[in-house]
Amino acid sequence: MNYSTTIANEHFDHLLLNAGGIFCESVDQLEKIQHAPGAGAVMTKSATAEKRAGNPNPRYFTYPDHHNTINAMGLPNLGIDYYLDYVLHHQLTLPTILSVVGLSEEEILANLKKIQASGYDGLIELNLSCPNVPGKPQIAYDFDTTDHLLDRIYSFFTGHLGVKLPPYFDMAHFDRIAKILNQYPLAYVNAVNSVGNGLVIDPETDRVVLMAKGGFGGLGGAQIKATALANVRALRLRLKPEIKIIGTGGVTTGRDVYDHLLCGADLVSVGSQLAIEGPSIFQRLEDELEAIFAEKHIESLDQVRGKLKRLD
Ligand code: RRO
């Protein structure tokens with residue numbers, strides 16, 4: 001299959017990439033994705049202005065079923081200068097997306113100003129949905145704040161920006177966020193971040209499995225697939241066509257990638273299952289996707305992308 005896909009000025013030869021937070025904190029990890037067969041792009045860990053240690057351990061838990069996770073990492077990262085240096089000065093094999101975040105509006109704006117001043121011309125992802133910093137709400141659940149922030153950003157910013165969104169659960173919220181995003185020249189949206197503030201209990205000890213936040217954390221893996229697909233689909237039906245979509249959530253098989261495509265995803269990222277299996281997962285998923293295309297006699301991505309069928 002020809003997987004050729006374009007977002008803004010970036011060209012992708014494969015559809016899959018690592019989801020934010022997974023295999024992307026250090027250059028060593030990032031390089032493993034750069035060289036993973038079947039990978040189409042690399043996402044860096046969301047960077048704050050200064051490096052952060054994150055929340056105390058345990059802060060990441062894989063369910064015994066090996067397909068689901070909960071995390072309260074708390075934004076551990078090596079700081080914007082580290083990741084900016086990586087995308088500017090390393091020999092990158094794949095298109096690489098520089099993810100940024102901030103603990104305040106001013107920090108976000110300062111990070112974007114720094115990136116713009118550096119001359120970096122690649123894709124940037126603004127994480128509006130980190131669920132795990134104690135006392136800091138997920139920005140994109142506050143529609144007015146999101147609109148105001150994007151307005152401030154686009155008063156000076158000329159780069160290629162995408163936004164990482166939290167999952168929405170109400171049709172009125174899909175309408176509201178799409179209307180806001182459609183006002184801006186965004187390159188893409190990435191839907192979805194982990195499903196915030198779930199709670200997992202260890203049946204042997206009757207305790208939570210994460211140290212921070214009393215055990216509350218972001219859910220990932222197979223359990224969030226239906227929520228992720230709903231968000232990709234709902235956004236694709238509402239966003240202007242220039243805004244592309246990275247589908248994230250619940251990908252453990254080639255069929256899951258196929259379903260994200262049906263809902264309208266341009267690229268698909270893999271989080272929990274990448275952490276479980278390692279970077280060899282990209283080739284497995286692409287091979288499984290190829291098998292589905294062969295079985296259905298599909299010859300081009302256009303026959304699948306956004307082509308979900310309704311019953312009426
Ligand atoms: O670092 C984290 O705790 C984290 C982040 Br920034 C995010 O965007 N999503 C997530 O599940 N964890």
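This is a predicted model: local features need pLDDT of at least 70, side-chain atom pairs count only at pLDDT 80 or more; totals for chains, interfaces and linings use all residues.
User: Let me start from a definition: two strands count as paired if DSSP finds at least two bridges between them. With that in mind, which residue in S10 is the bridge partner of Lys164?

Analyst: Strand S9 covers residues 160-165 and strand S10 covers residues 188-191. The two run in the parallel sense and share four bridges. Within S10, the residue bridged to Lys164 is Asn190.

User: Which strands make up the closed barrel, and in what order?

Analyst: The barrel is closed, has eight strands and uses parallel pairing. From one strand to the next, the twist averages 25 degrees. S9 and S10, with their four parallel bridges, sit side by side in the barrel order, which is S3-S4-S7-S8-S9-S10-S15-S16.

User: At about what angle does helix H3 run to S7?

Analyst: Helix H3 spans residues 105-118 and lies across two strands, S7 (96-100) and S8 (123-127). Both of these strands belong to the closed barrel. Taken against S7, the direction of H3 comes to about 145 degrees.

User: Are H4 and H5 roughly parallel or roughly antiparallel?

Analyst: Helix H4 (residues 143-153) packs on H5 with the axes 10 Å apart and an angle of about 10 degrees. Angles under 35 degrees count as roughly parallel. H4 and H5 are therefore roughly parallel.

User: Which residues of H5 make the contact with H4?

Analyst: On the H4 side, the contact uses Phe143, Thr146 and Asp147. By class, the contact holds three nonpolar, one polar and two charged residues. The H5 side supplies Arg176, Ile177 and Ile180.

User: How many charged residues does the contact of H5 with H6 have?

Analyst: Phe174, Asp175 and Ala178 of H5 meet Ala234, Leu235 and Arg238 of H6. Four of the residues in this contact are nonpolar and no polar ones take part. The number of charged residues is two.

User: What about H6 and H7: how many charged residues are in that contact?

Analyst: The axes of H6 and helix H7 (residues 254-263) come within 8 Å and cross at roughly 25 degrees, so the pair is roughly parallel. H6 brings Lys225, Leu229, Val232, Arg233 and Arg236, while H7 brings Asp256, Asp259, His260 and Cys263. Three residues are nonpolar and one is polar, and the charged count is five.

User: Which strands form the edges of the open sheet?

Analyst: Four strands build this antiparallel sheet in the order S5-S6-S14-S11. On average, neighbouring strands are turned by 35 degrees against each other, with direction ignored. An edge strand pairs on one side only, and here these strands are S5 and S11.

User: Which residue of S14 is bridged to Val195?

Analyst: S11 and strand S14 (residues 216-221) pair in the antiparallel sense over three bridges. The partner of Val195 in S14 is Leu219.

User: What is the phi of Phe23?

Analyst: Phe23 belongs to the loop between strand S3 (16-18) and helix H1 (27-34). Phe23 is not a glycine, yet its phi is positive, at about 55 degrees.

User: Finally, which residues come nearest to the ligand?

Analyst: The shell around the ligand has 15 residues. By class, four are nonpolar, 11 are polar and none is charged. Those that come nearest are Met73, Cys130, Asn132, Ser194 and Gly218.

Definitions and conventions
Residues are numbered from 1 along each chain as its sequence is written. A residue is near a molecule or strand if its C-beta atom, placed from the backbone, lies within 6 Å of it. Ala, Val, Leu, Ile, Met, Phe, Trp, Tyr, Cys and Pro count as nonpolar, Asp, Glu, Lys and Arg as charged, and the others, Gly among them, as polar. Two residues are in contact if their C-beta atoms, placed from the backbone, lie within 7 Å. Axes are lines fitted to C-alpha atoms, for helices over the stretch in contact, and angles run from 0 to 180 degrees between N-to-C directions. Angles under 35 degrees count as roughly parallel, over 145 as roughly antiparallel, 65 to 115 as roughly perpendicular and the rest as oblique.
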